[in-house]
Amino acid sequence: MARPSPRALCAVLAAVAAAAVGPARAGDGGEGETGEASGGEGDGDEGAVRAAEETVDVVGARPDLAPDPSSTSAAVTVIEVDDRLPAASDAAGVIGDAAGVHVQRLGGLADTAVITVRGSSARQVEVFVDGVPLNAYGGTAIDLTELPLGDFERVEVYRSGTPPELGSAAMGGAVNLVTAPGRPPAPRLDLTAGSYGTRRLAATGGWAGRGAGRTVDLLLAGEGLSSRGDFSFFDDRGTVYDADDDRVLTRINNDVAQAEVRARVRVAGGAWRLTLSDALLLRDQGLPGLGHDQATEARFGAFQNGLVLQARASSSHAVAVRARASYRLRAERYQDPLGEIGTGVQDSRDRFHGGAAMVHVGWVPAPWQALGATVELRLDGYEPVDRTREVATDGARARAGLVLSLADDLSLLGDRLRLSPVAQLHVLDNRALGRVPFGDAAVAPDAAATRAAFTPRLGLLLRPLPALAVKANVWRAFRPPDFIELFGDHGTVIGNTDLRPETAVAWDAGARLAGGPPEVVAGSLSATVFWRRSDDAIVYVQNSQSTQVPVNFGRARVWGIEAAADATVARAVDLRAALTWTDSVNLDEAEAYRGNQLPGVPTWEVEGRASVRILDVARLGGSYGYTAGTYLDATNWYLTAPRNLVGAFARVQPGPRWPSLEIEVRNLLDITTQEVPRDPLNPDDGETVVKPLTDFAGYPLPGRTILVTIGYREGAAP
Amino acid sequence: MTRTTCDRGGPAGRPGRLAAAGLAALLLVAAACDDGVPGGGGDGVPGDAFAVVATSDYTVGALATVDLESWTVRDEVTAATGDTVVRVDGGLVIAINRYQVDSVRLYDPADLTLPLVEFSTGPGSNPQDAAVCGGHLVISRYGEEALEVVDPATGAEVGAVDLSAYADADGLPEAASMVRRGELLYVGLQRFDRGTWQPAEGGGRVVEVDCGTLEVTRDWETGPNPVVRAHPARDDRLLVLEGVFYDEDMAIALDGGIRELDLAAGELGPLELAEEELAANVVDIAGDPGGAAVLVTGDDAGYTVWCVDLGGWGASELLATGSYLPEMAVDDRGRVWITARTGWTDPGSPGGLIVVDAGSCADLTAAGWLRFSLDPFSVAIVPPA
């Protein structure tokens with residue numbers, strides 16, 4: 001795949017910008033006309049059907065059926081993407097506000113960022129856009145920087161109780177990003193410039209009209225983002241005992257250029273709706289490698305396109321049917337011409353295909369019961385090509401999967417008790433995976449040709465008082481190894497064809513208190529205890545100086561407590577805070593690791609965000625993150641120092657028709673280093689040394705980052 | 001956090017004919033398990049001989065010691081890196097922090113908790129080996145075209161030995177193993193093509209460096225990927241191990257073997273022991289002054305320890321394991337200490353330290369390898385004071 005040229009990126013962005021600021025919406029497109037009950041595929045479908053029963057017309061009654069955390073047993077956080085957030089917010093940073101979520105970054109603003117949930121690995125978190133999976137059986141951990149937050153209206157973070165129609169049995173929960181479920185949003189245009197050569201253009205626009213009993217709406221959103229990523233970082237030259245040679249280096253070969261465009265067309269009749277959507281991504285970036293020995297030429301590029309066709313219909317018999325077909329192509333280019341990252345020169349072109357077809361039927365036979373049945377067929381493919389050898393590497397790989405889900409939702413005791421059992425079966429056909437690289441053995445011998453996993457779950461919601469919700473969930477989770485884990489050969493990562501699927505058993509229980517008059521103080525308080533035991537967990541371990549390989553790591557147990565609070569004061573002040581305490585234990589048999597805390601899983605994490613609107617002309621906001629008790633290694637020798645990160649923003653907009661001007665500062669205190677014991681095996685000597693701040697050893701994080709955004713939002717206030 | 005352990009768990013490489021020797025060793029260890037002074041080597045008795053061991057899981061690492069008398073293991077004496085190798089020379093324990101760390105630490109053998117000196121060998125330099133020669137500390141570096149020469153008292157660079165004339169097309173000669181003979185240093189230049197990690201055209205080289213002038217005085221063309229080792233029985237000879245592990249199709253390459261380099265005559269002899277003969281790749285060799293040596297070979301199935309008579313070059317298999325055996329060192333009693341790590345072809349294979357008596361070809365750890373919290377990677381012997 002060719003590297004996207006700046007000219008091509010500009011053309012794409014110009015088109016998005018033109019769409020955003022060009023035609024205003026032709027039709028009035030009131031919510032009752034083009035809005036619909038459950039725009040995102042991830043919306044509560046049974047909720048939609050209930051709405052159908054109440055209003056007969058399934059499309060039109062409710063503009064937004066985001067899951068109400070007080071009305072579902074699921075441990076879910078719904079994050080609205082709106083003006084309470086800084087304009088250039090990234091998905092990882094915002095999702096990281098949710099309790100139980102931990103963000104891990106390989107660098108700054110545009111660098112790879114992944115999330116983990118309740119001590120999971122990043123790959124154990126499944127990510128969806130409007131209910132369409134991005135990393136089903138074949139896909140890898142999702143880099144959230146590839147999903148510009150401005151494309152979406154809200155983010156749903158499921159730590160338990162994932163809706164069955166998502167087809168997920170995720171070990172670490174699911175994140176569903178939802179585009180505007182109602183009518184297309186007002187036009188928006190943002191221009192951002194900031195530290196480290198960061199430039200950003202983001203635009204959203206839409207159009208809606210009606211005629212002949214049909215409504216049509218169009219949504220177009222996109223973002224172009226580029227950054228040199230040349231921030232400074234501390235380097236000790238590999239000499240912890242000699243501080244005299246310490247220095248500050250500049251990150252090199254860390255540039256990123258990315259363009260993303262998302263388009264959606266919907267046609268709706270009285271009781272049906274057809275949606276066609278497409279998302280295109282182009283990304284090109286340097287790979288800077290580890291700390292002081294930085295790579296100069298290694299690069300990564302990706303082209304991705306996802307096409308989704310959805311149809312939904314409902315009848316007056318309280319039956320709703322939804323069908324979806326999707327196809328996603330991702331082509332990745334990895335070039336390491338000097339062998340700076342992995343072992344030897346690498347030049348590969350990998351193609352990932354993901355096709356899926358899903359049918360979901362919801363039926364409300366009685367006011368107190370909603371039934372749902374989902375069938376989903378998936379076909380994932382992987383075609384690695386090693387360009388240095390000018391041959392396809394061991395041919396194409398493919399895997400087929402079938403997911404069957406039967407769900408019930410029982411409302412008892414006058415809707416004070418709600419039971420949500422789900423029976424879910426995953427069947428994997430591995431026969432097309434092919435043969436082991438450099439060998440004659442089949443990857444899927446007869447015993448593993450077909451795998452089935454039963455992942456039932458049960459949710460319970462008790463509402464003894466209207467403001468109080470008591471919840472509990474128990475479930476099984478399952479994840480087969482993905483293509484990279486099986487066959488990968490990128491940089492430092494080498495696949496392992498002997499991997500088995502990882503499984504888990506988990507439960508959580510908690511309570512949520514919500515209420516209050518919006519004019520004064522409205523908000524919620526929640527607390528949840530969670531527990532999970534995983535078997536055959538797939539973990540990357542270093543197996544040589546420059547390579548790591550995934551292995552089934554044995555068992556691990558995680559439990560913890562998460563608490564969250566949010567409040568809106570006088571409709572002007574918004575507060576959100578989350579606290580997570582996690583106790584993770586490695587149950588591996590290796591003496592060096594047994595009983596240790598899992599690496600990369602913090603013991604304590606606190607996230608807070610606040611903003612206040614001032615006289616309808618300005619908004620001030622801030623964020624705070626505290627992380628403590630994170631080990632970088634499985635031996636638990638290297639404990640990172642507690643980390644406090646503070647951010648702030650100020651936005652001014654003189655009037656609704658005026659553009660806004662915003663200044664955002666990330667890492668306001670410019671914290672780039674930490675002080676840790678010099679010799680972790682002899683901490684009693686009291687000696688400490690300075691190390692760079694990292695989420696992954698060798699990948700320093702940037703210091704203070706300033707972003708200035710000029711934005712225009714039709715009819716918006718700051 | 002120094003841990004003293006007598007754990008000798010893990011399967012024997014090959015029990016049976018050596019069980020008696022192993023049992024005797026076990027009893028010896030059981031009798032000798034006691035605490036000593038943390039930080040020093042062996043049992044903490046000044047002047048005692050001990051093995052210093054670099055352990056690692058490739059992510060993190062530590063230095064450990066084993067007393068040569070009692071076999072007491074002192075684990076996790078001090079933190080090292082995930083890719084540290086150890087050498088002993090000039091009265092120093094030298095910890096070479098290799099890939100992506102690029103530094104060297106020099107320790108007084110009496111105290112391994114705090115280095116006397118630490119210095120960087122340069123970003124990306126990837127130091128491989130070190131020796132004290134002519135009052136200098138000479139360091140071979142994979143990522144540079146010259147040997148680095150430093151003052152061991154300060155770590156300050158005082159010179160270099162230019163090897164650029166021996167580089168292949170990628171500009172690097174890939175200097176790795178070194179053996180010192182008096183004031184002369186012999187260096188194996190692996191000369192790999194960095195693109196494919198296959199041998200460059202023209203094979204490898206062994207060069208002789210005069211530590212006084214810091215000039216290359218002689219050189220020899222070798223087969224691919226030469227590794228120089230001291231000849232245990234003759235000071236006027238070196239052993240040169242040749243051959244790569246995998247060929248470009250990732251198949252086991254039986255393309256080398258062991259040759260003798262006659263330093264007096266300046267001649268590199270023919271293959272004395274061919275990889276084809278052993279049906280495996282030669283990895284490392286060490287032995288006693290009587291000419292009894294221990295050889296490690298490896299292939300896809302695992303690693304094999306052989307006893308070799310350096311006089312007639314006869315080889316007999318001692319034990320086979322799925323573990324990875326990267327390095328060895330010989331003590332003054334002719335016992336060869338072999339590091340063993342979990343093998344990538346056999347994830348269930350154990351790690352530990354194997355001890356073989358070269359003269360009797362006896363596996364002294366047949367009843368169980370010496371165990372560490374992390375698998376040992378590199379070993380060197382601190383002789384008695």
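Me: How many bridges join β5(B) to strand β6 of chain B?
Reply: In this predicted model, 6 bridges join β5(B) to β6 (residues 92-97) of chain B, and the two run antiparallel; strands here are DSSP runs (E, at least two residues), numbered from the N terminus, and two of them pair if DSSP finds at least two bridges between them. Residues are numbered from 1 along each chain as its sequence is written, chains are lettered from A in the order in which they are written, and side-chain values use heavy atoms, with hydrogens and water left out. Local features need pLDDT of at least 70 and side-chain atom pairs count only at pLDDT 80 or more, while totals for chains, interfaces and linings use all residues.

Me: And which residue is the bridge partner of Val85(B) in β6(B)?
Reply: That is Ile96(B).

Me: What order do the strands of that open sheet take?
Reply: The order is β5-β6-β7-β8 in chain B, with antiparallel pairing. Because β5 (84-89) and β8 (117-120) each have a single partner strand, one side of each is left without a neighbour in the sheet.

Me: Switching to the interface, how much do chain B and chain A bury between them?
Reply: They bury about 3100 Å², 54% of it on carbon and sulfur atoms, where buried area is the accessible area (1.4 Å probe) that two parts lose on being put together, summed over both. In chain B, Tyr58(B), Gln100(B) and Glu118(B) lose the most area to chain A, together 19% of what that side buries.

Me: How many salt bridges are there between the two chains?
Reply: The count is 0, taking a salt bridge as a side-chain nitrogen of Lys or Arg within 4 Å of a carboxyl oxygen of Asp or Glu.

Notes: Helix = DSSP H or I, 4+ residues; strand = E, 2+ residues; numbered from the N terminus.
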